[in-house]
Amino acid sequence: MALRPQLRRANFLFAGLSAKAMEKVSFGDSLPGYIVGPKGAPGVLLLQEWWGVNDIVKAQAQELSAKANVRCLVPDLYKGKIGVDAEEASHLMDNLDFMNAVEEMKAAVAYLKAEGSPK
């Protein structure tokens, strides 16, 4: 069985890297997310694409953390939902409460700072 192009890309991202496992976290007002990287390292907030927090986004966070030695947090703005096709992804994006999403991103930054990320 051939891998979907997105999964092939995720596998390519890991080539030559010892990927650290992502940890599922909850912060702010019970916002789910995924985090990877050493505590105390500079923090990076990585935002999902319109598909949601899928394996590609997680692989990009792991790659960024490994290559740049940062603590990378991916807030799950869709709360666990993933668009499996363009129509569903469009529906998820269209229904996102952008004002609330901005507040959730602020909570994500506060979470990184509270865990010791200096910037």
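User: Is lysine 79 buried, partly exposed or exposed?

Analyst: The model is predicted, so local features need pLDDT of at least 70 and side-chain atom pairs count only at pLDDT 80 or more, while totals for chains, interfaces and linings use all residues. Residues are numbered from 1 along each chain as its sequence is written, and side-chain values use heavy atoms, without hydrogens and water. Buried means under 20% relative accessible area and exposed over 50%, with partly exposed in between (1.4 Å probe, protein chains only). Lysine 79 has 43% relative accessibility and therefore counts as partly exposed.

User: With which residue does lysine 79 meet in a salt bridge, and what is the N to O distance?

Analyst: Side chains of opposite charge can pair when their charged atoms come close. A salt bridge is defined as a side-chain nitrogen of Lys or Arg within 4 Å of a carboxyl oxygen of Asp or Glu. For lysine 79 the partner is glutamate 104, at 2.9 Å.

User: Which parts of the chain does this pair link, and how many residues apart are they?

Analyst: Helices (H or I, at least four residues) and strands (E, at least two) are DSSP runs, numbered from the N terminus. Glutamate 104 belongs to helix α4, and lysine 79 to the loop between β4 (71–75) and α3 (86–94). The pair thus links distant parts of the chain, 25 residues apart.

User: Is glutamate 104 buried or exposed, and which residues does it contact beyond its neighbours within four places in sequence?

Analyst: Glutamate 104 has 12% relative accessibility, so it counts as buried. Contact is taken as heavy atoms within 4.5 Å. Leaving aside neighbours within four places in sequence, glutamate 104 touches Phe27, Leu31, Leu77 and Lys79.

User: Within what arc do the buried residues of α4 fall?

Analyst: The buried residues of α4 are Ala101, Glu104, Ala108, Tyr111 and Leu112. The arc is that of the directions from the helix axis to the C-beta atoms. Seen down the axis, the buried residues line one face of the helix, because they fall within an arc of 95 degrees.

User: What covers that buried face, and which residues are exposed on the other side of α4?

Analyst: The cover over the buried residues of α4 includes β1 (23–27), β2, β3 and β4. On the other side, the exposed residues are Met99, Lys106, Lys113 and Ala114.

User: What span should α4 have, and how far apart are its end C-alpha atoms?

Analyst: The expected span of a helix is 1.5 Å times one less than its number of residues. For the 17 residues of α4 this should be 24 Å. The end C-alpha atoms agree with that, being apart by 24 Å.
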